[in-house]
There are 2 protein chains.
Amino acid sequence: MNAPRVLEVRPLTREGFARFGDVIETDASRSFAINDGTAMRFNDLAKIDVLMQDGRAALSVFRGQPVRFPLQMSEVERHPLGSQAFMPMGVIPFLIVVAADGPDGRPGEPCAFMSNGRQGVNYGRGVWHHPLLSLGTVSDFLVVDRAGPGENCDVAALPGRYLIESIAL
Amino acid sequence: MNAPRVLEVRPLTREGFARFGDVIETDASRSFAINDGTAMRFNDLAKIDVLMQDGRAALSVFRGQPVRFPLQMSEVERHPLGSQAFMPMGVIPFLIVVAADGPDGRPGEPCAFMSNGRQGVNYGRGVWHHPLLSLGTVSDFLVVDRAGPGENCDVAALPGRYLIESIAL
């Protein structure tokens with residue numbers, strides 16, 4: 001059996017993540033004052049794509065146990081009927097592992113990103129991703145995804161086994 | 001001119017808030033294990049009601065300036081085309097002021113609630129409410145509301161002036 005391949009972890013940026021979905025973060029480019037200037041609105045930060053097959057948006061909280069290192073990964077999942085957004089409730093760095101489709105529609109080589117703790121992500125509909133990877137402590141995330149009829153979770157093997165040795169928090 | 005009436009502030013509970021919308025909070029009754037037991041999902045915590053007139057769900061962040069006490073209030077707003085959910089990004093107590101419709105469809109007497117800092121709220125479609133009332137420090141809230149065509153904000157006067165003297169944090 002081949003040894004697992006070590007995954008490089010890159011900082012999460014809109015550019016780097018663009019083909020997988022949205023980085024949800026506050027920056028001036030999408031903001032304007034509301035409520036007589038007592039608040040800023042960072043507007044419409046993710047493409048919520050949940051209406052296929054009579055779907056609707058659902059708002060939930062995921063409470064994740066921290067991962068243990070070394071972290072080995074061999075499979076990912078996708079939601080063919082809807083996007084799925086994760087936003088940390090607090091300043092909570094977390095890991096994101098995603099994979100583009102390979103030529104056969106199965107997961108290709110994965111990429112790993114690290115949130116700065118204030119950034120969330122919105123996986124595009126059908127994008128292969130690893131389940132929630134919390135770090136350090138039990139962590140809550142607000143999740144906006146799809147509820148509705150139909151089978152909305154595929155699981156598939158990655159092209160090999162992958163490893164992240166540790167993360168400096 | 002009459003003196004402002006002092007508003008009593010009550011703890012936010014699902015029962016007390018039911019006629020205005022949802023309290024978004026994690027409790028065991030709506031939770032189940034996911035991801036091979038590495039996370040809990042507190043599922044579908046708010047009725048996201050945003051599809052009228054070609055609406056869609058939008059995910060935004062509101063950054064609120066803290067209110068100054070004594071807090072005087074004389075008007076509220078409502079969104080006739082959609083619900084609006086606010087979830088604190090961290091442990092952030094905040095005030096919620098809402099009003100049921102009076103007999104003429106204008107705002108009736110307001111009620112004030114205090115979040116425990118982990119609770120969010122989802123104002124039902126068309127429910128009169130005061131704009132965001134952050135406490136103590138600049139605070140971020142994740143907001144899920146409606147984007148789309150049509151006029152979606154009415155502002156109206158309360159039946160009088162109302163006052164909250166202070167809040168002990």
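Seven strands make up an open antiparallel sheet, ordered S3(A)-S11(A)-S8(A)-S14(A)-S6(A)-S5(B)-S4(B). Strands here are DSSP runs of E with at least two residues, helices are runs of H or I with at least four, both numbered from the N terminus, and two strands pair if DSSP finds at least two bridges between them. This is a predicted model, in which local features need pLDDT of at least 70, side-chain atom pairs count only at pLDDT 80 or more, and totals for chains, interfaces and linings use all residues. Residues are numbered from 1 along each chain as its sequence is written, chains are lettered from A and ligands numbered from 1 in the order in which they are written, and side-chain values use heavy atoms, without hydrogens and water.

- Strands S8 (residues 84–88) and S14 (residues 139–147) of chain A run antiparallel and are joined by four bridges.
- A:Phe86 has A:Val143 in S14(A) as its bridge partner.

**Chain A overall**
- Chain A contains one helix and 15 strands.
- Its C-alpha atoms fill a box of roughly 65 × 40 × 30 Å along the principal axes.
- Of the 169 residues in chain A, 54% are buried (under 20% relative accessible area, 1.4 Å probe, protein chains only).
- Among contacts in chain A (heavy atoms within 4.5 Å) with a separation of 6 or more, 81% link residues 24 or more positions apart.

Notes
Buried < 20%, exposed > 50% of the residue type's maximum accessible area, 1.4 Å probe, protein only.
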